[in-house]
Amino acid sequence: MTSKEMAKTAYKALTEKKASDIRIIDISGISVLADYFIIADGSNQKQIEAMCDAVEEELYKADVHVKQVEGNHNSSWILMDYGDIIVHVFSKEDRLFYDLERIWGDGKFIDAAELEA
């Protein structure tokens with residue numbers, strides 16, 4: 001599975017769990033960490049947990065396994081590292097505080113339609 005297909009799968013899983021303000025940033029040209037960052041937020045702890053579980057389940061079905069998870073189901077920021085993509089799931093407050101979109105602003109912001117292409 002390509003990194004673009006992984007990003008698309010994660011995006012769809014987040015969308016199904018009603019994630020807010022999902023952003024996809026192509027960082028392949030500016031970092032060796034990953035090809036894509038996917039950033040989303042949830043309105044409460046249960047939703048954040050459901051979003052992470054959905055991403056993990058859908059990528060697992062595609063035989064893609066998480067390499068590392070930072071945070072846990074009680075955290076307000078969970079990072080899921082899949083090697084080629086990194087998924088960040090935040091509470092709204094923590095997302096505003098850490099402002100990853102600004103930090104990684106040199107990356108290319110991609111909309112969902114571009115993942116389909």
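Partly exposed residues are those with a relative accessible area between the buried limit of under 20% and the exposed limit of over 50%. The legends below describe salt bridges in a predicted model.

**Figure 1. Salt bridge between Arg23 and Asp21.** The side chains of Arg23 and Asp21 meet at a distance of 3.1 Å, taken from N to O. Arg23 has a relative accessible area of 32% and is therefore partly exposed. Asp21, with a relative accessible area of 41%, is likewise classed as partly exposed.

**Figure 2. Network of salt bridges that includes Arg23 and Asp21.** Salt bridges link Asp21, Arg23, Asp41, Lys92, Arg95 and Glu101 in a network. The structure holds 9 salt bridges. Side chains of opposite charge can pair when their charged atoms come close.

**Figure 3. Salt bridge between Lys61 and Glu57 in helix α2.** The closest N and O atoms of Lys61 and Glu57 are 3.5 Å apart. Both residues belong to helix α2, which covers residues 45–61. Lys61 and Glu57 are separated by 4 residues, about one turn of the helix. Lys61 has a relative accessibility of 58% and counts as exposed, because this value is over 50%. Glu57, at 45% relative accessibility, counts as partly exposed.

**Figure 4. Salt bridge between Arg102 and Asp99.** In this pair, the closest N and O atoms of Arg102 and Asp99 lie 3.3 Å apart. Arg102 counts as exposed, with a relative accessibility of 58%. Asp99 has a relative accessibility of 26% and counts as partly exposed.

Definitions and conventions:
Residues numbered from 1 in each chain as written. Predicted model: local features only at pLDDT ≥ 70, side-chain atom pairs only at ≥ 80, totals over all residues. Heavy atoms only, no water. Salt bridge = Lys/Arg side-chain N within 4 Å of Asp/Glu carboxyl O. Buried < 20%, exposed > 50% of the residue type's maximum accessible area, 1.4 Å probe, protein only. Helix = DSSP H or I, 4+ residues; strand = E, 2+ residues; numbered from the N terminus.
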